[in-house]
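Subject: The structure we talked about

Hi there,

Here is the structure I promised to pass on to you. Please open it and keep it beside you while you read the rest of this message.

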Amino acid sequence: MTAYLQASGVDVSFGGLKALNDCGFTVQQGKITCLVGPNGAGKTTIFNVITGFLRPGAGSVSFKGQTLDGWKPQAIVAAGIARTFQNLRLFVDLTAVDNVLASMPAQTGEEPVAAIFRPFHVASAQRRRREEALAILNRVGLIERANDFTRNLSYGEQKLLTIARVLATGAELILLDEPASGLSAGALDGVMALLRRLQDDGKTLLVVEHNTRVVQQIADDVLFLHQGHLMAQGTPEAIVNDPALAEIYFGGTI
Amino acid sequence: MDFWFSYIALASIYVLLGLSTNLLVGIAGIFSVSQAAVFGVGAYIVAFFLMNDTMSFLPALAIAALCCVGLNILVTLPALRVSGDYFVVTSFGIQLLATAVFTNWTDGTGGANGLPGIPPPDLAGKALESSGEVVTLCVAGMGLGCLIFWLVMRAPFGRLLRAIREDELAVAAAGKSVLRAKVSAAALAGAFAGTAGGLYATFLSFIDPSSFDLDSSILLLTMVVVGGARTLAGSILGPFLLLALPQILTLVDIPTTVAAAARQLIYGVLLIAFMLFRPQGLAGEKL
Amino acid sequence: MLALQLLCNGIVTGCALGIVAVSFSLVYATTKIFHVAHAGVYTMSGYVAWSLLRHGFPAPIAFVGAIAAATALGALIQALLYARLEKRRATHLVVLIASLGTLAVIQNILAAVYTANILRFELPWGTRVFLLGGNVRLTMTQILTVLLNVAAYGGVMWFSHGTILGKQIRAVASNPFLAEIVRLQPRRVHIYVMAIASALVCLPGILVPLDFGLQPYNGVTPLLTATIAMIAGGVGSITGAFVLAIVITELQNMSLLFIPGEWSIGVTFFIFVIFMLFRPTGLFAAAR
């Protein structure tokens, strides 16, 4: 059976620095898989490779049996994979609902000709899209703040908005880059509940996360990355309780 | 009265150019010094059709606008695919090349002496002879341009362009083509500039290369910078203000030999000052 | 014969443009700023030299005076304009527009003071003609242009690889963030770079007008050719910029055998388009 998402033999170098070294792993459909490892292990680099922003020097990534080698980021999003950013990268001068709308695929009026010659059609299509965007915001718990400018949202709300944005793309495989970092305990619980709701909706999640509590609570599977290579894979209990891995993670050998 | 007609007609034409430059530079963030070249192409095309009595004004204008759309796409697409700085070089090259063509292709453009005697515009068979009628045409053109700009900016396309100005990478990560959006903005800018050119040719009834050179491109940039980037208000305010400037300057005693350099000097100072102290211009958003 | 003369003229002008390209490339590779005002510094240095000569100063003094003026102008532009904009985290576009405004200011001050007409230098020894191989005429100015500009190229290469400041500049160019951490003070390096580049561009800024005359708006076309040479040679490669400037000027000159001179800008632009379509990173892009 072909794996849902599979990376094999991926090499990435920046100048003399090897960010990913013969990296390979599989992600199963419908599961929440957590990607853990010390800083510099290559977690964000993997995201960049999977989403087509970085070309690996060697190796390949395949999704649902189809290899993604050489695919442009647009095509990969269209195929069903989308990611969030650790540093958010929200459109701060746009409202929350506009952030979501800006991420929805294939809208009429996204090029000048329709905007000029079919303004009423564009307007009514936008009204429908807006309903969908509000539904997404409702799903992540941001409906109250839909018309507020993103710069005015709290950090926790902004993190929820990054998830709303990635949902807007319609992706089925969602890559989350530290969705829980910097959050208070209450907000953290909210995010974890949201991730489980997304899983119930049928999404597959690959989550980079440093917080071991989060990993233990939501992960079905854990990938431990070190120096650009997959060191271990297993259940959260196995990985978190492994003393050798803990030593690496907390600063043994870097 | 004639002076006011002239001012309003010219300002209307330059508002179209302001919208064009704002789309390209303000909204899509593409540094361009070749807008005057595109303006010139539009002017010479309409002048050609009108002087050879080949077709009436509106079809000629449409063709000019379409040619300028094509020109802008041709110029921006390959360059932007590489990088923004590449386009800076391309833009300078296009502007200098255009000036060379306008000045030296005497058969087509009348060379450095320009094209005199361009007929007035005609609508539905009737020629617009009086200055009042031509001014109305220009103002109508400006109105239509503003309407189109407003429609485009409130559509998803406008939102996409605003998102691109904030974070191109995030837009690409959402699965949208940043390149296609920028080239589309450039194409629309071309349509505005070409139309402005056609109106200019028929309003002045004489065009020559000096209206379409690098200095003119700098003036267009200054209009957008002073009026304000990325907004409709800025695109209207800038041209009206800056076209009044030469009139104000005549109140100061400047020898004519130095007048042109003095104007350009002021534009340069305005560009620096606004970038340093008020990048959003008078009525715009921050560049 | 004509072709040979054009060939030699091409080398002469090419060497001069080579230094324009090298100096521009220094600024661009280090500060990442597309310093279009460089054309203004280039133009101004010629006028300063001309003025000093007009006032009776001997040639070497005029030369040094022009270099001093250019260096000061370059450093001022960096310190008062670019540095301030950078501190405010201005976008690339804002800096470009400010640079363009500076160019307009410089050019038009020159036009107001000196008029827009062509001014000629009056240096009798400059027009002395030498005959090469019986067929090619080269003036003293042209020979000096080649010698001095090639020497300048050599100087820049030595400076960049052999001196501490040169190495610091290369370090800042390749990684300003890291340079900041290693206490290299990128801001100060930027001022040095602008000063050096402005002093450098003084050389062709005087030698070219010695040959062709002075005009306030004549800086843009050489700058355009220089930037194309920089891109074609590969950003970050000093040799690439210098060599490609000569090659492009040569091609431009040889094209005069086939097409009239007014269209030479077309030749240069055509070369640029070819590179843009097929090899945008240039021939010798510096390894990162």
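Predicted model: local features only at pLDDT ≥ 70, side-chain atom pairs only at ≥ 80, totals over all residues.

**Chain C as a whole**

Chain C is built from 11 helices and two strands. If you follow the sequence, the order is α-α-α-α-β-β-α-α-α-α-α-α-α. Its C-alpha atoms fill a box of roughly 60 × 50 × 35 Å along the principal axes. How does the radius of gyration of chain C agree with that of a compact globule? For 288 residues, such a globule would come out near 19 Å, and chain C has 19 Å, so the two agree. Of the 288 residues in this chain, 51% count as buried. Taking contacts in chain C with a separation of 6 or more, 77% are between residues 24 or more positions apart.

Next, find helix α1 (residues 2-31) and helix α5 (residues 140-162) of chain C: their axes come within 8 Å and cross at roughly 30°. The crossing of α1(C) and α5(C) is left-handed. Among the residues that meet there are Ile11(C), Cys15(C) and Val22(C) from α1(C), and Val146(C), Tyr153(C) and Val156(C) from α5(C). By class, this contact has 11 nonpolar, four polar and no charged residues.

**Where chain B touches chain C**

Here, 36 residues of chain B are in contact with 36 residues of chain C. On the chain B side, the elements giving two or more residues are α3 (57-82), α4 (84-104), α10 (214-227) and α12 (256-277). Which of them gives the largest share? That is α12(B), with 13 residues. The chain B side divides into 28 nonpolar residues, seven polar and one charged.

**A strand in chain A**

Last, look at strand β3 (residues 32-36) of chain A. Five of its five residues are buried, so β3(A) is largely enclosed by the rest of the structure. Ile32(A), Cys34(A) and Val36(A) lie on one side, Thr33(A) and Leu35(A) on the other, and both faces are covered.

β3(A) runs parallel to strand β8 (residues 204-208) of chain A, joined by four bridges, and Leu35(A) stands opposite Val208(A). β3(A) also pairs in the parallel sense with strand β9 (residues 221-226) of chain A over four bridges, where Val36(A) stands opposite Phe224(A).

Enjoy exploring!

Technical notes:
Residues numbered from 1 in each chain as written. Chains lettered and ligands numbered in written order. Axes fitted to C-alpha atoms, helices over the stretch in contact; angles between N-to-C directions. Left-handed = near helix turned anticlockwise from the far one by under 90°. Contact = placed C-beta atoms within 7 Å. Nonpolar A, V, L, I, M, F, W, Y, C, P; charged D, E, K, R; others polar. Rg over C-alpha atoms; globule rule 2.2 N^0.38 Å. Buried ≥ 20, exposed ≤ 12 C-beta atoms within 10 Å, placed from the backbone. Pairing = 2+ DSSP bridges.
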